[in-house]
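Here's a quick tour for anyone meeting this structure for the first time. Have a look around, then read on.

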Amino acid sequence: MSCIKVDSLSKSYGSIKAVDEITMSVKSGKVFGFLGPNGAGKSTTIKLLTTLIHPSEGSLTILGIDAIKNPLKVRHKIGVVLQQPSYEPTLSVEKSLEKYGMMWNVPKKERKSRMEKLLVDFDLTEFRKKRNEDLSIGQRRRVQVAREFMHDMDLLFLDEPTAGLDPSARRKLLDYLKDRVKTGLTIFFTTHILTEAEYLCDEIAIIDKGKILAIDTPDALKNRFGKEKTIKIHLLENQQEISSLLSGIPDCKIDFNTGTNIIIHSEKSELVLMKVLRILSDNGIKIDDLSAVPTNLEEIFLKMVEENVSNH
Amino acid sequence: MFPIIRLVNRNLTISINPAFLLWQIIFPVIYIFIAGFAYSSLIQEVPFGTKGLAYPAFLASGMIGFNIMNSTLVSGIIIWNDRKYGMFEQIMSGPFTRPHYILSNICTIGIIGLVSAALIAVIGYPVFFDSIEFSLVTIPLIVFAAVTGSVLFGSIASIIATKLRSSEGFNVILNTAFLFFAFVSTAFYPAAGAPEPLKTAFYLNPLTYLVDIIRAGIFGEVSELVILEMGILAIIATILFIIATKLLTKLDF
Ligand SMILES: Nc1ncnc2c1ncn2[C@@H]1O[C@H](COP(=O)(O)OP(=O)(O)O)[C@@H](O)[C@H]1O
Ligand SMILES: [Mg+2]
């Protein structure tokens with residue numbers, strides 16, 4: 001069953017198309033990752049899906065409910081951790097969890113037991129009596145994420161939940177989320193960190209400039225681009241004419257960041273590399289360093305984003 | 001209804017703290033007794049309708065109006081903090097609507113205003129004692145004043161809170177506005193003796209109307225002027241409430 005169904009959804013701010021006709025569908029009981037650089041439109045998408053803002057165009061069905069017609073009905077069934085911090089500065093950690101449960105109409109007894117469990121699960125017991133305003137940014141983020149689990153939900157939206165967390169807290173949170181998904185929760189998760197998306201998500205959408213560039217499983221994304229290799233060549237001296245020398249080589253994409261660094265993406269890397277080396281030696285250009293590695297997901301991601309930029 | 005009650009519960013939890021109680025209840029009560037009796041030697045009697053009021057009784061009744069106004073600061077502070085600390089978005093992404101949020105704020109300041117005004121009335125009772133004239137309209141008039149005053153000043157505080165993002169700007173403007181309302185009014189001294197321009201200024205101030213209505217209720221002098229003041233207060237409150245609601249509804253995320 002589809003938990004989220006989005007069709008040609010757009011949101012414009014003046015002339016900026018923050019979200020540009022995205023279409024996707026998210027399956028129940030899975031983690032769906034939304035991956036993109038800063039300003040890609042991740043937060044705007046989350047705000048649209050959580051009914052905080054109205055789309056300029058398109059349709060939106062969340063948990064089988066038309067979210068544009070019945071936003072409140074949707075909000076009763078979802079949890080949301082937004083990108084920006086959210087807390088009651090003067091309340092203690094435990095009191096803010098307790099009150100949040102109250103706001104969600106969780107019975108008092110249940111609130112208490114959930115709170116105790118979350119304090120442990122999120123390593124918050126140590127400062128449970130501390131006021132939120134006295135916590136560090138990372139501690140506060142943990143409280144914010146933990147707080148959302150005070151209430152029941154079918155679908156949870158997390159907008160860069162690991163921002164501000166140290167590596168161990170980050171890993172703990174991802175593992176906690178994995179556990180919750182096993183109990184039937186669906187998660188919509190945004191990040192600009194690829195390894196995170198790879199670790200947690202069953203499906204990943206790559207988004208940039210408001211457009212979805214690809215949607216697939218992490219493995220399929222790798223397979224699709226996996227034949228490709230990245231060749232990096234570092235020249236000893238700056239060579240201004242290098243781009244025209246190499247421009248005739250087929251089946252590859254070459255970047256010349258500076259006059260000394262050449263980065264080549266190609267699915268026929270051996271052939272391309274031979275041609276490049278011949279041209280370099282014919283012209284007496286010396287190589288300082290050379291490496292060829294399979295393109296990882298990070299580079300696929302960067303490449304897609306770059307191509308998207310150059311298409312504009 | 002229940003979502004509003006849950007939000008009121010949360011509002012009261014975050015608003016009520018020792019500093020607030022000091023400012024809202026202890027300080028006014030002390031002021032009534034100290035200033036009330038200290039100034040009595042200067043102001044023997046305040047003419048009021050057909051009778052004269054002892055200054056402490058005049059001051060205590062004015063303090064109730066001032067207190068109702070003051071409690072609406074809470075609504076401005078809640079809205080401003082909720083935006084600054086991301087709770088507005090959080091609440092709006094939960095099982096609540098903007099009308100829930102707005103109504104819960106009004107209920108919160110209504111409760112704080114009524115409870116603290118009642119406490120002041122009870123503690124200040126000895127100073128009213130002589131002049132008080134309970135009638136059928138006493139309680140309705142005070143409740144009318146509390147509700148209309150809460151909506152009116154709550155809307156002003158909320159408009160300021162939605163318009164200003166910086167902490168300095170918000171505090172300075174809110175406090176200046178409320179200080180002006182407090183001192184350019186008949187809450188603490190009678191309009192009768194004041195020079196003409198100041199007297200006019202008194203009657204450009206909704207707190208004057210609020211206090212006049214409360215006094216009319218407590219001391220049993222409901223004149224035509226008071227009825228006119230009730231009408232004006234209700235109209236201003238409605239207009240400001242509509243503006244405040246519009247602004248809150250338009251707030252972007
Ligand atoms: N309220 C707003 N008003 C104007 N522009 C906005 C607003 N919110 C977002 N944007 C713009 O929309 C684009 C996408 O922003 P956002 O969704 O926050 O990206 P991300 O979360 O992926 O970093 C950016 O160019 C941003 O400047
Ligand atoms: Mg974002």
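Which chains surround ligand 1? This is a predicted model, and in it residues from chains A and B surround the ligand, so the site is shared between chains. Chain B is represented by Phe253(B), while chain A's part of the list includes Tyr13(A), Pro37(A), Lys42(A) and Gln83(A). The largest share of the shell, three residues, comes from helix α1(A). Sorted by class, the shell has five nonpolar, six polar and one charged residues.

| Residue | Contacting part | Distance to an oxygen atom of ligand 1 |
|---|---|---|
| Gly41(A) | polar backbone atom | 3.0 Å |
| Lys42(A) | backbone N or O atom | 2.8 Å |
| Thr44(A) | polar side-chain atom | 2.6 Å |

Taken alone, ligand 1 exposes 560 Å², and the protein buries 66% of that.

Next up is the magnesium ion, which is ligand 2. Ser43(A) coordinates the ion through OG and Gln83(A) through OE1, at 2.0 to 2.1 Å. These two sit 40 residues apart in the chain: Ser43(A) belongs to helix α1 (residues 42–49), and Gln83(A) to the loop between β6 (78–81) and α3 (93–103). Ser43(A) counts as buried because its relative accessibility is 19%, under the 20% cut-off. Gln83(A), at 36%, is partly exposed.

Zooming out, chain A is divided into domain 1 (2–224) and domain 2 (228–294). Their C-alpha centres lie 43 Å apart.

Conventions: Residues numbered from 1 in each chain as written. Chains lettered and ligands numbered in written order. Predicted model: local features only at pLDDT ≥ 70, side-chain atom pairs only at ≥ 80, totals over all residues. Heavy atoms only, no water. Donors = N, O, S within 2.8 Å, 3.2 Å for Na, K, Ca; no water. Helix = DSSP H or I, 4+ residues; strand = E, 2+ residues; numbered from the N terminus. Buried < 20%, exposed > 50% of the residue type's maximum accessible area, 1.4 Å probe, protein only. Domains from an automatic or database assignment. Near = heavy atom within 4 Å. Polar contact = N/O pair within 3.5 Å; in protein donor to acceptor, adjacent residues only side chain to side chain. Areas by Shrake-Rupley, 256 points an atom, 1.4 Å probe, with all protein chains shown as cover. Nonpolar A, V, L, I, M, F, W, Y, C, P; charged D, E, K, R; others polar.
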